[in-house]
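Have a look at the structure first, and then we'll go through some of its geometry.

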Amino acid sequence: MITERNGWFFLSTAHSSYIMRISSLGHMEHIHYGGYIPASAEGTFWIQGPDDLRLGDGTYYDEDHQHSFLGRMLCEYSTPGKGDTRESALIVEYGNGLITLDLLHQSHRIYPGKDYDILPRVSASDAETLEIVLRDAVLPVFATLRYTVYKEEDIILRSAEIRNECDEDIMLRTVSSVMLDLPDSEWDLISFDGAWARERYENRRALCPGVISVDSKLGFTSSEHNSLLFLARPDADDSHGEAIAVNQIYSGNHLERVEVSPFGFCRVLSSINPFGFGWKLGNGESFRSPEAILSYSSSGLDSLSYNLHRFAVKYIENSIYKDKIRPIAINNWEATYFDFNEKKLMDLAVKAESAGIELFVLDDGWYGRRSDDTRGLGDWVVNRKKLPGGLDGFVRGIHDLGMKAGIWVEPEMVSMDSALYETHPDWMVAIPGRKPSPGRHQYLLDLSRPEVVDYLFSAMSEVFSSGVDYVKWDANRNMSDYFTSSSAVKWQGEFFHRYILGLYSLLDRLTKAFPSILFEFCASGGNRFDLGALSFSPQGWTSDNTDAMSRIRIQHGTFRGYPLSSVSNHVTASPNHQSLRITGLEDRFGVACFGILGYELDLGKLSEEELGVIKEQIAFYKEHRKTLQYGAFRHLPSSDGAVFWMAESDDEMIVLEYQDRNMVNTGRHRRLRIPHADPASLYSVQRREKHVFKEDLGDLWESYSAVSHEPYSITVSGHVLCSAGVALPPLFMGRGFEPSTRILNDNGSDLYVIRKVR
Ligand code: DGJ
């Protein structure tokens, strides 16, 4: 809900308030973002109080306002040159390199929904928007700040649009989607960082004076730093305390900055990365920043994530699959890599189908000259030596098994060894006169050129018309040799953003033309995990690293900002193809089932016993899929070296207990505690019956088999679960087997199903 009163703006969600006002000088002054304060509350004036500062060496606004220091104000959207020397939200170059701007309130309006449409598309059916137009004190340069308020989800969607009405061109150097000034700096900054195969590891540090930034200059969101950022009070944890989240709805270069000023204020900025960016605006032209979201919670990081998750599913994802149950996939990549033919694939599909798998995904290598990763990208025509019946024939074969059929594509790329490069060498991103640098032996196509987007639309339409039900959209290199030959581009500083706009227009056209296809984004694993990508494809390949121990960190960081239903995980072979770590089949499943489950291994190499176990895993996943894909994700208190994750729906809670190391004889029971359990209810807690393989026990197999093992199933009051927790049965520790002894190896996991019985 948005209220305006005497130049004060109150943006209220169910549990938060965002307050700002027009200052006596006409600047937009930020007042508060945090806990809920109704617009009717007495005394909001005293949150910031009057302009009555007297500063030693500060630049004040003018002689008539000697107590107005922009550098000491909480500002809404800061520009350089009038006393605020903190990082600017907007930097515009004009004249012969001038950068001073002074943005003053000109007008505002409040209206239901959202009356502009940009890609990626974020809907706003039951939201409300405040639009504030600012104008420079001298030049006709305008900034329109937009705030769309989603009450139930505690989300504020923000963006800025810059318009030039000067006769001369102006150059945008920095345009932020969000600027947020906070009155103190008692916050920790949490970012999600890494590299290929270790994406979105959570890093937390205290703020201190100066600027901390995380960014991507890779052209894509990147696995180096995600655009998601949390600020958390130092005492805030998963279930307690104040925290704020910011995330852009964008798939290109981004920059997040947090500045603690000499006076202890904290400024948060989230923008398109100014690195290599320059956007010329002629008279009458405007530029829209990507949209970004802000969320606040006073109940800890999980509840903040819950806001982000609900918002993503309801308003960002556009696919018809956004809230639908997703199929379990078998992907042939780690089963065959490039070495496959139709028989091999069909054998894998038959085995997968008999285990209950629903979707067969044909990965890289099915087209053109693609016999390895040095060639073939760009030639999206089936290789009939591998698939004699063509793609349609293959898809029919999969459909005849009763499965859905999926295909891998990497449309944005080209190999020099390809027919596409031979025909259109100029479509490749390369600077005339310089040799372009490869990544995985491949190059980018220039998606800023409309003719390249048109070609890709028709090439992909051809592929998708084979009847596929699912598409994995990959992109396996970062950007280099920044240059576009597009005639629409006025300045090479537009290159990065134009590319992303080209990509979005291609995805928009394809997802509209093939609305029944389920898309999954991928970029060298998780190099493109962002809300922009999610707007076109409701799930993403989280990481090429499928090792359970690594995945605990990768999925944890990913769940902070992205819903379970977007996080795609596969059970793969052991030893793992990335880490060489050996992990039990059941334990690989335990971690992979939190999100969208798939399998990616040669089922033909598995024993009947292992195939039987996979069958049982799939039956369990199907029974609890609604919770594992769409439940609320929570961390439960860790205990005795184990991590506990929960997915919770109205009907049930599924809990994962995971330990990376088996510590022998700790002398304690590990506890399962659910702090938010309803004290007035009665719960049943059941452990999923895990299969134990002879090989896991070696010499101990005989003594293990001699005991009849008890299933674990208890009934317990919510009082017990929330206040004390229950002691889980002891782990095996070298003292023989009792009926209740649990087998939990290194990288071991157990799953529990918890239901309210009364
Ligand atoms: C990178 C992806 O992350 C993998 O899953 C696989 O699709 C390969 N590309 C294929 O080249």
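## Helix pairs

In which sense, right-handed or left-handed, does H6 pass H7? Keep in mind that this is a predicted model. H6 passes H7 in a right-handed crossing. Helix H6 covers residues 450-464 and helix H7 covers residues 495-513, and their axes sit 10 Å apart at an angle of about 30 degrees. Angles under 35 degrees count as roughly parallel, so H6 is roughly parallel to H7.

There's another pair to look at: helix H3 (residues 342-355) and helix H4 (residues 390-400), whose axes come within 10 Å and cross at roughly 20 degrees. That angle makes H3 roughly parallel to H4. As for handedness, the crossing of H3 and H4 is right-handed.

## Around the ligand

Which residues come nearest to the ligand? Of the 13 residues around the ligand, the nearest are Asp363, Asp364, Lys472, Asp474 and Asp544. Sorted by type, the shell divides into six charged, four nonpolar and three polar residues.

Aspartate 364 puts a polar side-chain atom 2.7 Å from an oxygen atom of the ligand. Aspartate 474 has a side-chain N or O atom that lies 2.8 Å from a nitrogen atom of the ligand. With glycine 525 it's the backbone that takes part: one of its polar backbone atoms is 3.0 Å from an oxygen atom of the ligand. On its own, the ligand has 300 Å² of accessible area, and the protein covers 97% of that.

## Cis peptide bonds

Where are the cis prolines to check? Take the peptide bond from leucine 119 to proline 120, which is cis, with omega near -10 degrees. Proline 120 belongs to the loop that runs between strand E6 (103-112) and strand E7 (128-136).

The peptide bond from serine 574 to proline 575 is cis too, and here omega is near 0 degrees. You'll find proline 575 in the loop between strand E29 (567-572) and helix H10 (585-592).

Notes: Residues numbered from 1 in each chain as written. Predicted model: local features only at pLDDT ≥ 70, side-chain atom pairs only at ≥ 80, totals over all residues. Heavy atoms only, no water. Near = heavy atom within 4 Å. Polar contact = N/O pair within 3.5 Å; in protein donor to acceptor, adjacent residues only side chain to side chain. Areas by Shrake-Rupley, 256 points an atom, 1.4 Å probe, with all protein chains shown as cover. Nonpolar A, V, L, I, M, F, W, Y, C, P; charged D, E, K, R; others polar. Axes fitted to C-alpha atoms, helices over the stretch in contact; angles between N-to-C directions. Helix = DSSP H or I, 4+ residues; strand = E, 2+ residues; numbered from the N terminus. Parallel < 35°, antiparallel > 145°, perpendicular 65-115°, else oblique. Left-handed = near helix turned anticlockwise from the far one by under 90°.
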